[in-house]
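Please find below a short note for a colleague who is coming to this structure for the first time. The points are numbered so that each can be checked in turn.

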Amino acid sequence: MQNPYSDETFLARWLNNDLDPKEKMEFENSEEYQKYKVIVDKVAMLGSPAYDKKQNLQRIKKNMLDATNSTKVISFAPKWIYSIAATLLVLIGLFFFFNRSTVYTTNYGEQMTVQLLDGSEVILNSKSKLSYKKSDWTDSRKVVLLGEAFFKVTKGSNFIVESNSGTVQVLGTQFNMNTRKDFFEVICHEGKVKAIGSESTGEATLTKGNAFRIANSVVENWNTKSSLPSWLSGETTFTNTPLNQVIQSLENQFNISFDTAKIDLNKRFTGSYSHQNIELALKTIFVPMEISYTFNNENNIVLVKE
């Protein structure tokens with residue numbers, strides 16, 4: 001790990017309050033400052049060696065007297081304390097550096113292709129998040145997903161995708177996974193995957209063309225002939241999907257919100273919409289369902305059952 005500071009004594013000099021004004025100002029405005037400050041506060045709570053109270057009181061009085069005649073900052077603590085604290089800071093800093101997660105996120109209407117350490121490829125759909133730890137990758141190929149992504153997994157050891165709604169285990173395949181609150185959907189496009197829900201919803205082994213979904217604790221299975229997710233080519237397709245998930249998809253794609261108080265979100269929709277035109281997308285979904293839509297403002301739409 002490369003030293004991010006001016007020299008190897010930087011942290012010790014900071015602890016000893018020996019930084020020059022410029023160094024101090026730059027450090028206190030950096031992202032690392034708050035992290036190290038928390039560590040120092042924790043170190044300060046650790047026990048210290050026994051000492052002579054009377055002798056230390058006399059030393060403190062002398063230091064205070066000397067300080068009135070000098071602009072130099074007086075250190076009241078023994079130098080070895082700063083050396084130990086600096087060592088702890090470096091060790092803890094290294095721990096956090098090597099154990100932090102690598103995170104990828106997409107914004108509204110955005111897609112992103114991520115190349116993993118083993119050559120596996122993940123394409124994130126809009127408003128999605130993928131994270132994993134590089135330090136654990138050799139022992140366990142595991143990623144965490146929030147949102148929707150298409151995976152092309154390189155053959156090798158067990159590959160795991162975790163989420164709040166369910167888990168997918170795979171050895172080498174291509175599949176689409178969509179995970180939101182109370183929603184977990186996996187479609188296998190090649191090879192074989194295992195989709196694992198909760199104890200009550202169970203699990204399913206999927207091969208090419210098999211799809212598995214848990215929506216509001218209800219398990220569903222169906223087949224598809226699609227070789228790739230349609231959203232990769234600018235169109236999102238649904239198969240008997242709860243309306244609330246369809247609306248969530250529209251929100252993520254076009255950066256809009258809906259007033260849904262006057263419609264039944266449990267209704268199902270089968271069909272698709274284009275990512276190119278929001279007006280066309282709204283008509284494609286809501287006209288067949290006999291739901292009217294009105295723009296309350298530029299980014300909010302009111303839905304009413306006709």
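**Notes on rings and cores**

1. The charged end of Lys127 sits over the ring of Tyr108, at 4.6 Å from the ring centre; a charge counts as over a ring if NZ of Lys or CZ of Arg is within 6 Å of the ring centre and within 35 degrees of the ring normal.

2. This is a predicted model, in which local features need pLDDT of at least 70 and side-chain atom pairs count only at pLDDT 80 or more, while totals for chains, interfaces and linings use all residues. Residues are numbered from 1 along each chain as its sequence is written, and side-chain values use heavy atoms, with hydrogens and water left out.

3. The largest nonpolar core has 27 residues, and Phe151 and Phe175 are those with the most contacts inside it. Such a core is a set of buried (under 20% relative accessible area, 1.4 Å probe, protein chains only) Ala, Val, Leu, Ile, Met, Phe, Trp, Tyr and Cys residues joined through side-chain atoms within 4.5 Å. A second, separate core of 20 residues includes Phe238, Ile256, Tyr273 and Leu303.

4. A search of the whole structure finds 10 aromatic pairs, meaning rings of Phe, Tyr and Trp (its six-membered ring) with centres within 6.5 Å, counted as stacked if the planes are under 30 degrees apart, edge-to-face if over 60 and tilted for the rest. Phe184 and Phe212 form an edge-to-face pair, 6.4 Å centre to centre with 80° between the planes, and both residues are buried. Phe238 and Tyr273, by contrast, form a stacked pair at 6.1 Å and 25°.

Technical notes. Buried < 20%, exposed > 50% of the residue type's maximum accessible area, 1.4 Å probe, protein only.
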